[in-house]
Each structure stands twice: as structure tokens, then as C-alpha cells.
Amino acid sequence: MTLNNSKLAKGFNISSNPLKRDITSLLEKAIRERVFPCAVAGIVFGETQLFFTAGKETYDDIATPVHTNAIFDIASLTKVIATSTAVMQLVESAEISLED
């Protein structure tokens with residue numbers, strides 16, 4: 001089910017201040033807890049695109065604040081994405097079970 005087709009979509013204001021506040025608050029909390037030094041989050045709803053930024057490129061005090069066009073290194077995710085996809089394809093074809 002997509003958000004566009006759900007009952008939630010009717011009257012839903014994606015650019016509402018509470019939504020912006022909640023996303024920004026979540027990102028800033030993670031940065032304070034040193035989960036990551038910065039983050040860029042994006043939401044696309046129909047033709048509306050919203051981007052949120054928080055933090056700096058590194059934990060250094062003099063680091064540059066992150067921008068919406070930041071490029072992140074996601075090389076460490078390759079194994080996770082490839083393995084998860086391969087396993088789920090095997091589950092889908094009933095060659096393995098997640099219950100095993």
C-alpha cells in the first residue's frame with residue numbers, strides 16, 4: 001500500500017510544522033547520541049519533496065554543516081543489501097525458509 005492510495009493521504013499535510021519538527025528532532029537526537037555526525041533525510045509525497053539536514057560532516061567543532069546535496073559513502077552496506085536480497089529471493093522461490 002502506498003501513502004498516496006491510503007486513507008491517511010486525504011488531508012495529510014506533508015509539509016506541516018509538526019512533521020518537520022519531529023524529523024529534525026529525531027536526527028538531532030541521534031547526532032547527540034553519536035549515532036552519526038550528520039544526516040540528510042528526504043520525503044517525497046506526490047510532487048512535494050522535502051529535505052532535512054542535521055549535524056556536521058564530522059564530529060569536529062570546525063566541521064562544515066551538512067547540506068542536502070551531501071554525498072555519503074555507503075560501501076559498507078553492499079554486503080548487507082546483496083545478502084539480504086539473495087536470501088529473500090531464495091525464500092520467495094521456497095529454496096530456504098526463514099523458519100529453519
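Predicted model: local features only at pLDDT ≥ 70, side-chain atom pairs only at ≥ 80, totals over all residues.
The protein contains two helices and two strands, and along the sequence these elements follow the pattern α-β-β-α.

The average pLDDT of the protein is 83, and 83% of the residues reach a score of at least 70. Residues 1-9 have a pLDDT below 50. In the model, this stretch makes nine contacts beyond its near neighbours in sequence.

The largest nonpolar core consists of seven residues: Ile23, Leu27, Ile31, Ala39, Leu50, Phe52 and Ala54. Two elements, helix H1 (17-32) and strand E2 (48-55), each contribute at least two residues to this core. As a general matter, nonpolar side chains in soluble globular proteins tend to be buried together. Over the protein as a whole, which has 100 residues, 16% are buried.

The contacts and the surface complete this overall view. Among contacts between residues at least 6 apart in sequence, 34% connect residues that are at least 24 apart. The accessible surface of the protein amounts to about 8,100 Å². Carbon and sulfur atoms account for 56% of that surface.

The charged side chains form two salt bridges. One of them pairs Arg21 with Asp22, with 3.5 Å between the closest N and O atoms. How exposed are the two partners? Arg21 has a relative accessibility of 53% and counts as exposed, because the cut-off for that class is over 50%. Asp22, with a relative accessible area of 45%, is partly exposed, because this value lies between the 20% and 50% limits.

The other salt bridge joins the side chains of Lys29 and Glu33, with an N to O distance of 3.0 Å. Lys29 has a relative accessible area of 42% and is therefore classed as partly exposed.

In reading the model, the pLDDT below 50 over residues 1-9 should be kept in view.

Key: Residues numbered from 1 in each chain as written. Heavy atoms only, no water. pLDDT = per-residue confidence, 0-100. Contact = heavy atoms within 4.5 Å. Salt bridge = Lys/Arg side-chain N within 4 Å of Asp/Glu carboxyl O. Buried < 20%, exposed > 50% of the residue type's maximum accessible area, 1.4 Å probe, protein only. Core = buried A, V, L, I, M, F, W, Y, C linked by side-chain atoms within 4.5 Å. Helix = DSSP H or I, 4+ residues; strand = E, 2+ residues; numbered from the N terminus. Areas by Shrake-Rupley, 256 points an atom, 1.4 Å probe, with all protein chains shown as cover.
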